[in-house]
Amino acid sequence: MDFDSIAQQRATQYENMLRLIGRQRAPSEDAAPALAATRMRSVVNCDRIAEAYRADAKVAYVSEQFPTEIVFAAGVLPWNIESMSNMLAQSLDIDQVFRLTQERELSRDICSFLRGPFGMMLAECYPRPDFVLTNDQPCEGLLKTIFMSGKRYGVPTFALHTPNLLDQDALDYLVQQIEIMLTRIAGVFQSDPDPEFLRSSIVNSNRAREYYRKAALLLERHALPGVARELLEIFGMNYFGAAENIDLCKTLYEEAVVLAKAEAPTRPRVMWIGQTPGESDELLRHLGRSVDVLYWAPLWEANLMALDEEQPLRSIAERAIRYHWNAERMERDLDHISDAYQVEGYIIANTWGCRNMMAIGPTFRSLAARKRIKNLTISIDPVDRNNYAFPHIKNRVDAFLETLQ
Amino acid sequence: MITLGIDIGSLSTKSVLMENDEVVAFDVVLTGGTNRKAAETTFENVLAASGLTRGDVKFVVSTGYGRENLPFADKHVSEITCHGIGMHLRNPDIRTILEIGGQDSKAIRIDDGGRVEQFVMNDKCAAGCGRFLEVTARAMGIGLSELGEASALARNPLRISSTCAVFAETEIVSLVAVGTPVPDIVRAVHDSIAQRAVVLLRQVGISGPVGMSGGVALNSGVVRALEDKLQTSIYIVDNPQVRGAIGAAYIAQRLA
């Protein structure tokens, strides 16, 4: 596609996106962000999102937990197709987006965190990508959806196949794939990979990660209102490698230090396991009135590890494998985090159609039984309102909260 | 001291007046379209039956799906907690409870004080609940209270899908159309409900005798099907449909 056509298409997509986001459901009193880090994140996101619609922007669609350090090193903007689902779920027009996917025969039984983004492409709201990058974790469904997006725009697509077991052979295999991918990205943009850019991206990632990790560690010992959610948002946004992310994580950490000194009263801690609704979601607001909700994913061991600046690709490969939903590693991780954060309850949220969660749920419930942690499994769909409404589950949520009293 | 427990369910609304931990009066009415009105009616009924006035009632705990829609309640408590307490008051040996209500079913494990340790509920469909029995009775043109007796006459075992109440109704209509005897169909429906209930019970873990509360405990066909599958007898608490309201009234006694 020539430059002018791309410019025209992205301008239209930007208008569509703004229109869709502008048609929000009525805001609630809980919707206003309290932390400076939250406001800063909004500004960073706005800047990056607007930039991605410029005709000369280099945009790569990426999937959740993709090593964005590599993307930033190539001078490309990562567009995480999935992480916007919660925001888009607030749009009054989201039903129209899902209708488009059904008209293209995408089954309603596919997780809405995948259907939603694909519908956004069909609705011409996402900026057309120059490249599509993905990995096969956390799920195969995501891999297939993102492949469809590459096909839709007729752009090169590359998927990292992540081994499940963590050993030297697996690391060699994954490093080799990353090297091939870097060469292909360079080929698309007709520029050689610059080791200095990669080094800089890794340093940025580590500096941000250090603040992120320290904020997470403070959360172990203190009630820090808003911090658990912000860690989740930064994890989902996945701008590790970008310079702005350092300031963002630093701000969050500094606010966490202040909050720790304020010694907010402690309440029962509940760990949310599974895909998470947007912050203003009715269920989360309901929970927030009586317990402190922590989110498991941002506290994963893989999210707290620094990258080896001498062997960055190997280190990225190790992190990718640690991200993989290996049942034994996940159980060990949850066991450790439950103790470290003194968790009293689990909410295991099966997002409609997420086979991963449904398959691994029994492992978490067994762990909860062993540790005598109260637990509740709920089936929800925080994005597609055709599949779920809060009153469906309120009764069981209330009963669960009563067991914590 | 007199307290009121009121359980506003999807099918029926129950109220219990309690004085010094003893039930003074209870009442059951159909919820209908206005649960607040049903609550007012049943409240008036228990007052009339006991000769008390509203001013005598010191604390009200509401439970059930309509619990938050009751202006005169002092506190709302989920019916899972209330059934746990309500069953414990009647039989302290019970640790595992099955409660099948109008629009959901629950397996509850309680500790030696009647506090809920763990519970699970049916998932996305009403196929294992009281509403399913209502649908079944309607599809076959018999009364809800006749289902228990009908299933005792079953001769040929059938299987009905337990995934979705609407799909199951389609199956029932098809079976009726080809002349399948009503008792066989009813038995299949009870087996289907029991199958789902047993899964829930095993998820929370069956410990000692299983007690059953909720209106469906009055259906002898479902109880028989459950006992067949569990290979043990089930303790049916007296007045099972008001057990949640009794638990609510008891909690009110503690909070007043």
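A search of the whole structure, which is a predicted model, finds 42 salt bridges over all chains. One of them is formed by the side chains of Glu230(A) and Arg41(A), with N and O 2.5 Å apart. This pair links distant parts of the chain. Glu230(A) belongs to helix α10 of chain A, residues 227-237, while Arg41(A) belongs to helix α2 of chain A, residues 36-52. The two residues are 189 residues apart.

Next come the strands of chain A. In one open sheet, four strands of chain A follow the order β2-β1-β3-β4, and their pairing is parallel. Why is one side of β2 and of β4 left without a neighbour in the sheet? β2 (77-80) and β4 (157-160) of chain A stand at the edges, and each has a single partner strand, so one side of each has no neighbour there. From one strand to the next, the twist averages 25°. To see how a pair is joined, look at strand β3 of chain A, residues 131-135: four bridges connect β3(A) to β4(A), and the two run parallel. Within this pair, Leu133(A) stands opposite Phe158(A) of β4(A).

Another open sheet of chain A is built from four strands in the order β6-β5-β7-β8, with parallel pairing. Its edge strands are β6 (292-295) and β8 of chain A, each of which pairs on one side only. Neighbouring strands of this sheet are turned against each other by 25° on average, direction ignored. Strand β5 of chain A, residues 269-273, is joined to β6(A) by four bridges, and these strands run parallel. Here the bridge partner of Val270(A) is Val293(A), which lies in β6(A).

Now turn to the place where the two chains meet. How many residues of each chain are in contact there? In chain A there are 14, and they are in contact with 19 residues of chain B. The size of an interface is often given as the accessible area lost when the parts come together. For chain A and chain B, about 1,300 Å² is buried between them, with 44% of it on carbon and sulfur atoms. Asn395(A), Arg396(A) and Glu402(A) supply 43% of the area that chain A buries against chain B, more than any other three residues.

The rule finds three salt bridges between chain A and chain B. Arg67(B) forms a salt bridge with Asp398(A), and the closest N and O atoms of that pair are 2.6 Å apart. Across the interface there are also nine residue pairs in polar contact.

Which elements of chain A each supply at least two residues of the side that touches chain B? They are β8 (374-380) and α17 (391-404) of chain A. α17(A) gives the most to this side, with eight residues. By class, the side of chain A that touches chain B has four nonpolar, four polar and six charged residues.

Definitions and conventions. Residues are numbered from 1 along each chain as its sequence is written. Chains are lettered from A and ligands numbered from 1 in the order in which they are written. This is a predicted model: local features need pLDDT of at least 70, side-chain atom pairs count only at pLDDT 80 or more; totals for chains, interfaces and linings use all residues. Side-chain values use heavy atoms; hydrogens and water are left out. Contact means heavy atoms within 4.5 Å. Buried area is the accessible area (1.4 Å probe) that two parts lose on being put together, summed over both. A salt bridge is a side-chain nitrogen of Lys or Arg within 4 Å of a carboxyl oxygen of Asp or Glu. A polar contact is a pair of N or O atoms within 3.5 Å; within protein, one must be able to donate a hydrogen and the other to accept it, and residues adjacent in sequence count only if both atoms are side-chain atoms. Ala, Val, Leu, Ile, Met, Phe, Trp, Tyr, Cys and Pro count as nonpolar, Asp, Glu, Lys and Arg as charged, and the others, Gly among them, as polar. Two strands pair if DSSP finds at least two bridges between them. Axes are lines fitted to C-alpha atoms, for helices over the stretch in contact, and angles run from 0 to 180 degrees between N-to-C directions.
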